[in-house]
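Subject: Structure handover

Hello,

I am passing on the structure we spoke about. Please look it over first; my notes come after it.

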Amino acid sequence: MTEQRTRGIAPRSIGTSLDRVDGPEKVTGLAAYAVEHGADEGVSAPLSVWLVTSTIAKGRVSRVDPSRALAHPGVTAVLDHTNAPRLEQTDNGELAILQDDRVGFRGQVVALVLAETSEAAREGAALVEVSYEPEPHEAELREDNATYKPDKVNPAMETDTDEGDVDAALASAPVLVEQTYRTPYEHNNPLEPHATVAWWAEHEGREVLSMFDSTQGVHGVVQALAPMLGLEPDQVRVRAPYVGGGFGSKGEAHAHVMATVLAAQTTGGRPVRLAVTRQQMFSLTGYRTATISHMRLGAGADGRLTAIEHAVQEQTSVVREFAEQTASPTRMLYAAPHRRTSHRLARLDVAVPSWMRAPGEMPGMFAHEVAMDELAVACGLDPIVLRERNEPDLDPETGKPFNDRRLVECLRRGAERFGWADRPPEPRARLDGDWWIGTGVASATYPAMKQPGNTARVTSLEGGRYEVAIGSVDIGTGARTVLTQIAADALDVAPTDVELAIADSLLPSASVAGGSSGTSSWGSAIVAAAQLFRADHGAVPAPGLHTTASAADDPASEAYAFHSFGAVFAEARVNRWTGEVRVPRLHGVYSVGRVINPRTARSQLVGGLVMGLSAALFEESHRDPRFGHVVTQDLATYHVASHADVLDVDAEWLEESDEAFTPMGSRGIGEIGIVGTAAAVANATFHATGTRVRSLPLTADHFLE
Amino acid sequence: MRALDYRRPESAQEAVELVSSHPGARYLAGGSNLVDHLKLGVAAPDVLVDVSRLPLDDVEEVEGEDGAVLRIGANVRNSDLAAHPVVRSRFPVVARATLAGASGQIRNQATTAGNLLQRTRCVYFQDVTTACNKRKPGTGCSALGGYARYNAILGASAHCVTTHPSDLAVGLAAVDATVVVLGVEGERRIRLEDLHRLPGDRPEADTTLAASDLITAVELPMVDTDTRSTYAKVRDRASFAFALVSVAATLRMEGDRVGEVRIAWGGVAHKPWRARRAEAALTGGGIEEDAVRAAVDEELATATTDDGTAYKVAMVRNTTTMTLLRLAGEVRR
Ligand SMILES: Cc1cc2nc3c(=O)[nH]c(=O)nc-3n(C[C@H](O)[C@H](O)[C@H](O)COP(=O)(O)OP(=O)(O)OC[C@H]3O[C@@H](n4cnc5c(N)ncnc54)[C@H](O)[C@@H]3O)c2cc1C
């Protein structure tokens, strides 16, 4: 494998709305998701596994009585901490299940039931009798218990930052906004629940573990599991040909994956499969912590910021740490000489939080961008003018120049399309029948990320065709399609001449489909391999030649800060009798580098806007601190936007190409659509009603008069 | 897997006999509530008596004992009920309440009787790992001091604070509907208002029916053409959400004065709440904003709230005011 410096590629298929290459399989139902694989792929006569989960939040399992379960027809085995296979490593507390009797949160896996059918397994699970020695637990995030300072915040950022003299600057600031903003627990809830199939076999005298998993990264699953199981990575094979969404919750292996693997270890080679229920997803597959953001903005009367402080309180789990990087966007968004950010956590006896769509940026930008709206009001400025006045010359966080910062253009372009100029400056100025009407704006930003560890392989086939292989996963975003386009343009052939092989850990390694980094990271590796292939084998290669390469870092790019930007505009209507909020218009304008496929890009951005709308108005997981688990644990009680809520939602982007970042000119699309959206909606509800709501979701009760 | 006996009786009579002779038997109609409960472990019947194919699916005007009624068969699907021309023209409150419920797919599946007898959506009732007096009498009420957003503010007890989730039932309460029941001792009629009960110390009983009582129809006394009616449902999500509160109202004006007003509330109690005190306060007067607010406050005099439900007082007051002002506007027009 070689590291190859890439050159920019000439877009031909890139920039066109190539149909999704896997569209026909999906709409005809032929695409097989994790638990749907059959005997032709090695999954013959699988046993079903059902999880038994704890009904206390903290303590010990004193006894597991499997006798009634084992007596149930079809049940073949019950595993608990006394008889489950042992792991080699147990430091990942989320994955090291059934290794001891400790219970760290309500909903933790305490036993597994294997059975001939999923129905028998489920009934068996209900018949397992678990006794506990409970201990007092703490499951509530409060300002007075979120005091623990983590070493870093996700993924490896500084916990605190402090520049200048924030307190002095705030004390002397002519205008001060000092408020606390809150976001609730949120759950990712992809359409396809988490699911895994696993079986063990022997191959040339070595154990081999094979899996189908609904995951955002097959190599990540191998890397997480192999050392825990005492295996070399090449003894584990994970495939994920189709995945029904993840939104971060499938970014890392969760406990159910280990449950399936442990169960499969006991069946003498017979495959086992497990699909997590929707209710179980609320304690086992990750979520976003609730956040409390204490914001202080100091500014001159002209709105120019002199000081920004963002102090975050949130939670993690005692079982495994995850510290959401909530203040991270505040570090780079606007200019101000004095700036301070911090993160403090409550370590609770609760399920393990994890990545959820724009971790950090999403809750952090809600706080910051509502605070900016409050500052605009305090200074008597249009919110767009306020943001223009606080544009930094250099990245406030690193001091580097931005490669391409077009936030102001996004704001201006959006204002023009949205009709911002007609907006009355005062809130509570327009009543249409029973509805107060208002508009709001917010900035969006998301870092452009390229992950290390990506390699691609190009192989010449008969008839001028090529196989392009990389182990990346298409979680429904359209990655299969855009990687085909990138490969085609990099090889200078038609997309139909590219046979893309993905989603298998036997293929060259690929980073996770997360952080909006997939297309940049995998695409750059594909371009590197394609360009090296051409250099080695020419334009008309014999069939069967291949080249494997990864993209070398471009040292020149070290000089820049790379971020995407956007501006979100919302119109809100608030019923003057009932307080109900509806959002008839939601428009975003984005600067994201070159758009590789306008159709799939639009789906990502519009989808992000809808997700942001959903967070603005509805999404909230209610954790009952008395029990420790989320009690709104299905889609009838955890509300996401319905069709009737999604009206005129639209996204557009600035034409551009960022070749300093990737040879395709793209920077990454996905999470930026959700960032800022909730703030834009909240700001619009303030403009409509004059009532400032500083916590999500913006439910009707806040606006009752 | 739990073995279940599934029976499909030929007649209503046979259905009643089957359920009365099997203590563990339950009627099954569209299944959109009961099947969920089987999966969640909330219900564990050993016999399902499928009544959905019994010929109880007509909507027809018939002569009742006290005059003409619109008779709606127990198996009329929610979608068909909402679309029926007589329901739409004479009982808009019923059509709108039905359409306000669930989603298109569920309304295609859900039956009239099944809708009335759907059980609470209280998150603790549906979570078998928490205590619930309604699911398991005597275990305690987890909703007290817990997630309260959908809890009752009227008529709750120390044993249960939940609300009845049906929209249709609220619409029917406002039009003085009667439920036709076939029991082991033959047919009888119950006022819809008396079908559901307050929890008291027996929250396990949602209704006054016996387990083997089969609802065969619902009857709506025909109304004058000068009676207007409508249904307002308040919810955060624009569709596919249970009511935070809802208001069903009918109004007949005599000149500028209220001839007859009927008001029923959803989302506030263990049953559709007929606001009789408010009705009495308004009858004979005009429909003005202050008068409606005052009448509502009279009805709410006994309301009890906590942090989670406090919002409902203002929400019910405002929504009732909005609804009656709209109806009065329609009348004057
Ligand atoms: C996600 C979701 C959202 C929903 N939203 C709403 C909403 O907003 N508003 C609303 O009103 N409803 C809503 N519903 C509930 C829905 O309306 C009910 O599930 C449905 O009306 C039940 O009717 P069914 O025929 O399917 O009843 P089943 O599930 O078959 O039965 C329900 C109960 O009625 C009994 N039963 C049925 N028929 C008879 C009979 N003839 N005589 C005696 N007993 C009988 C059964 O034994 C059972 O106990 C929602 C449901 C879901 C799943």
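The notes below go through each chain, then the contact between the chains, then a few local sites.

Please keep in mind that this is a predicted model.

Chain A

Chain A contains 14 helices and 25 strands. A compact globule of 705 residues would have a radius of gyration near 27 Å, and the 26 Å of chain A agrees with that. Taken along the principal axes, the box filled by its C-alpha atoms is roughly 75 × 70 × 50 Å. Of the 705 residues in chain A, 63% are buried. If one takes the contacts in chain A between residues at least 6 apart in sequence, 82% of them join residues at least 24 apart. The accessible surface of chain A is about 24,200 Å², and carbon and sulfur atoms account for 49% of that.

Chain B

In chain B there are 12 helices and 12 strands. Its radius of gyration is 20 Å, which agrees with the value near 20 Å for a compact globule of 333 residues. The C-alpha trace of chain B spans about 60 × 50 × 35 Å along its principal axes. Buried residues account for 58% of the 333 residues in this chain. Among the contacts in chain B between residues at least 6 apart in sequence, 64% join residues at least 24 apart. Chain B has an accessible surface of about 13,400 Å², with 48% of it belonging to carbon and sulfur atoms. There are 40 positive and 43 negative charges in chain B, and their mean positions lie 6 Å apart.

Helix 5, residues 92-99, has 6 of its 8 residues buried, so it is largely enclosed by the rest of the structure. The buried residues of this helix are Pro92(B), Val93(B), Val94(B), Ala95(B), Ala97(B) and Thr98(B).

Between the chains

Contact between the chains involves 38 residues of chain B and 38 residues of chain A. About 2,900 Å² is buried between chain B and chain A, and carbon and sulfur atoms give 54% of this area. On the chain B side, the residues that lose the most area to chain A are Met1(B), Asp236(B) and Arg237(B), which together make up 23% of what that side buries.

Two sites in chain A

Asp554(A) sits in the loop between strand 22 (546-551) and strand 23 (563-575) of chain A. Its relative accessibility is 25%, so Asp554(A) counts as partly exposed. Leaving aside residues up to four places away in sequence, Asp554(A) touches Arg5(A) and Ala660(A). Asp554(A) and His687(A) are 133 residues apart along the chain, and their C-alpha atoms are separated by 46 Å.

Asp160(A) is placed in the loop between strand 7 (129-134) and strand 8 (161-163) of chain A. Asp160(A) has a relative accessibility of 22% and therefore counts as partly exposed. Not counting residues up to four places away in sequence, Asp160(A) touches Lys149(A), Arg331(A), Thr341(A), Ser342(A), His343(A) and Arg344(A).

Regards

Key. Residues are numbered from 1 along each chain as its sequence is written. Chains are lettered from A and ligands numbered from 1 in the order in which they are written. This is a predicted model: local features need pLDDT of at least 70, side-chain atom pairs count only at pLDDT 80 or more; totals for chains, interfaces and linings use all residues. Side-chain values use heavy atoms; hydrogens and water are left out. Helices (H or I, at least four residues) and strands (E, at least two) are DSSP runs, numbered from the N terminus. The radius of gyration is taken over C-alpha atoms; the globule rule is 2.2 Å times the number of residues to the power 0.38. Buried means under 20% relative accessible area, exposed over 50%, partly exposed in between (1.4 Å probe, protein chains only). Contact means heavy atoms within 4.5 Å. Accessible areas come from the Shrake-Rupley method with a 1.4 Å probe; for residues, only the protein chains shown count as cover. Lys and Arg count as positive and Asp and Glu as negative; His and the chain ends are not counted. The place of a charge is taken as NZ of Lys, CZ of Arg, CG of Asp or CD of Glu. Buried area is the accessible area (1.4 Å probe) that two parts lose on being put together, summed over both.
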